[in-house]
Amino acid sequence: MTATPDVPAAGASTSGPDASGPDASAPGSPAPDRGWAPVRRRPRSVAPWTRTRLRSAPGAAVALMLLVAVTVLLAAGFPRAYDRYQDSALDKALAGTPLSARAVEGRLSYGGPGQRPLQDADSSAPAALLRTRDGIAPAITPPLRVRPVDVSYGLHSTGINDRLDDPWLPRPEDLAPVLTLDWQADLAAQVRMVSGRLPQGPPGDWPGPTPVLRFGTAPPLALEVAVSAGTATIMHLKTGSVLHLSPDFGRRAVLTVVGVYQPLQPGAAFWQGEPRLRQPTFDVHVPLTQDRLRQWHMEAVVGAGANPYLADLGGIEEYWWFPVAAGQLHAYEIPAAQSELSALTTGADSGQANGTPGIPQGVELSSSLPIGLAAFSAHSGALDPVLTVGGAGAAGVAGAVLLMAAGLAADRREEELRLLRARGAGLTGLGLRLLAETGCCVLLGGGLGLAGALLLFPGPRWQAPVAAAAAPALLTLLAVPLRALARHRRIRAAGRAEDVTTARPSRRRTVLEVSVLVVAAAAGFGVRRQGLPAGDGPNLLLSAAPVLLGLAGALLLMRVYPWPLRAVARPTARRGGAVAFLGLARAGRASATASVLPLLAMLLALTVGVFGSELLSDVGTARAQAALLQVGADARVDGAQGPLPAALVAAVRRSPGVRTVQPVLRGTVPISVTGTAADLYGVDPAGYAAMSRPAGEGFDPARLAYAGTGPIPVLASPDVAQVLGGAPFPVQDEFGTFEVRVVGTLAGTPAGRSSFVLAPAAALTALPRPQQGADAPTTLLIDGPVDGAALRAVVDRTSGPSLTDVQVRAELLAQLGTDPLQTGAARLYLASVLAAALLCVVAVLLALLQAAPGRSALLARLRTMGLTPRQGYALILVEALPQVLAGVLAGTALGAASIPLLSPAVDLSALVGATVDSGLQAEPLPLLLPGAALLLLTVGVVSAEAAVLGRRQIGTELRAGDRR
């Protein structure tokens, strides 16, 4: 019975302190009405959703963050690595070229034939040259960057036949040495005097130009000069030597050597504009008789006061070299650099333009750098399609792995989200909460991956790496909430997803699959017809051909996969053992939709891996074949001026590593009335045929058998055979007058590549009236592990004055593999393949992780029923291997199909470094190795998983209320 509170009597006073205080009413009495609502306590705040969910599953959150970090690192690192490899290749290409091929050059000539005379000495004074340098330098703007320390300028004489008459100078081909006189600014700071001093100009002022005709009788000039230590050694000069210069046009000169200097930094750009200031060159001289002779060409420096006097020797040329600094020009700046060079040499900035501030009238600016940049861009563009294939494949695998991770995260929340939807939670609210939860992991992982890529691959551009990093981060950020909401857009009861073997695809899925197949077929047809894009920007359809091929293969495999699985599972149901039946039954119960992404990852990785393995293998094979075709044998010695001496042939036979030597005679066969001739090679048929077989150019030596009478049987190249026909053809050359008859054709031969006739050497040497020396070989083809240095030493000792050319196949093969563009592209493509393989392994691990809880509970229950550890291993293997085995077989098949599909679009010559036949050849080892490695890795992972699950306590797995 509830007590009724006391109510104050009518008329009772309620005023006063006792009536207004908080204790005025008795305990339990209602609060007096004071005109406001009673104060309510604020309910306790609920813990934030994001923090609660992240703390409930920290392992899954950290794993998602690390996966995003690795994927973003790979995505952002690819453009950075591409820029670094391109810049490194460009730097090496520029550093390996002469100064004339990588610099802007200014020229101004005086006093030569047909040129304006030098009117005053101030025009050639150092101050005038310096002003011109300061006027040209501001016109060279970025992306062209020039370091002031590399700029050199000066002037030199221009006579190309200014010979020295002194008979005591070296004359290897009985030709007098050629001398160029030069003055270059800042020479004193770049040299160390070995003896003597630097030269000075003649005393007094220059009297003006002296009109001198060729072979004039004006008194000779007396000038002081200095030479380098290398020039002094080779030309037998010293301080005090006197030289007599006879120019082709101008006054004679008497030159006194007053000093010998040594360059402090011989490799600096200062010496590259005038390399003969360091050491003379042995140049080829072709006189009117067309004989290839050689003569020394040296250069000596004069004092600044002698500059105007050089014009009297036949003319002077002022020069300014502005070399583009190595390491300062980036590959992506090449188009802007080409535009700048074009404007500088031919546009308004050119020195030829009238009124250009700071550049004197008549100065011509030129550069060969655009030619080198164009060649670099063309070579790089030929390699880009290969990198596109690798990058697109790795991107497809990364996308599949991220979608798998999103699906795994959504499946982990399946029961929770279904319960929230049943209690009235809206899709928008759930989506925003999932987005916030996923964003914490994705943003942190993406930031770590992007920072790692920017630190590991430093470079000037950041836009492309940031855009590449945003793609996987955004995909993961949206995939998790969208995947979860797609499965809970309608409230439904709990149930198991459709099995692989029982799923009936909807019409929507069928339309989607057909669309993918059509697009993949269109991409494949486009690749076959047009090739992969190069140079004009990426073509997304063609570049995505490997990804579309893998996706189409995964969809087709999911359609076909249930049939062999049911066919294999049916016999196991009748057998006594339960392991195979249970394993195949669980393999068939895998989710049909969740199985597509692991298969897609495996198929893409194997497609790219097989194609990459074949590509890299064929590149090595093609390089070896190209080196062999170019040399013709393991080594080759050619006589540039005619037959080789008998002593040289004998010495080569005794060289280290030489097994056999095939001498080749050489003549000519006229094949046209216009004077066109084919090369005639006389060989020993048996030995030459054996040496030709490794290059794929062998023949039957019996076809060149000669009975001693009648036309000489020959083998000819197809073009020559078409002209000569099958009838006897008369020939008159070095061997005499005879007839030849074509008995067959050869596409190529080691002695020569085109327009040749191959004849037995014995038949040629037996002719009655050969010219003197016609029976001596002009080429030696050498078989064996030849030591190139020892062979060259032997040839140099025994060749005498004749010129010889030595080629070694091993050296050429090593040179083919050192091009920075080729090696960089191969490494970057290999990195893409390895990244795809790594992500494929992650996909397999995620697929195994997705089924791990149910598999763990199953093993625990079966252990209570007597399942042995060995049977547990077998059960897990039987459950996991069907899908992996199907993926390996299908991926290997797709990789094999990608070779004929993509190989016509790949320029193998750009990767090899020599012209080779396009196309890839399927070989067993590169074809099967990636799939076998993936299969072995899966077996190892599954075995490790079974070992870990076997150590767990049964009670831990069999908890009350466990629904797994």
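Leu478 is partly exposed, because its relative accessible area of 39% falls between the 20% under which a residue counts as buried and the 50% over which it counts as exposed. The model described here is predicted, and in it Leu478 belongs to helix H10.

Together with Leu432, Leu435, Leu474 and Leu482, Leu478 forms a nonpolar patch on the surface, and the accessible area of these five residues comes to about 460 Å². The patch draws at least two residues from each of two helices, H9 (427–456) and H10 (463–487), and H10 gives the most to it, with three residues.

| Strand paired with S8 | Residues | Bridges | Direction |
|---|---|---|---|
| S5 | 191–196 | five bridges | antiparallel |
| S6 | 221–228 | eight bridges | parallel |
| S7 | 242–246 | four bridges | antiparallel |

Individual residues show how these pairings are laid out.

How many residues lie between S7 and S8 in their hairpin? Six residues separate the two strands, and Gly250 in the turn has a positive phi of about 135°.

Notes:
Residues numbered from 1 in each chain as written. Predicted model: local features only at pLDDT ≥ 70, side-chain atom pairs only at ≥ 80, totals over all residues. Heavy atoms only, no water. Patch = residues over 30% accessible without salt bridge, like charges linked within 9 Å, V, L, I, M, F, W, Y side chains within 5 Å. Areas by Shrake-Rupley, 256 points an atom, 1.4 Å probe, with all protein chains shown as cover. Salt bridge = Lys/Arg side-chain N within 4 Å of Asp/Glu carboxyl O. Buried < 20%, exposed > 50% of the residue type's maximum accessible area, 1.4 Å probe, protein only. Pairing = 2+ DSSP bridges.
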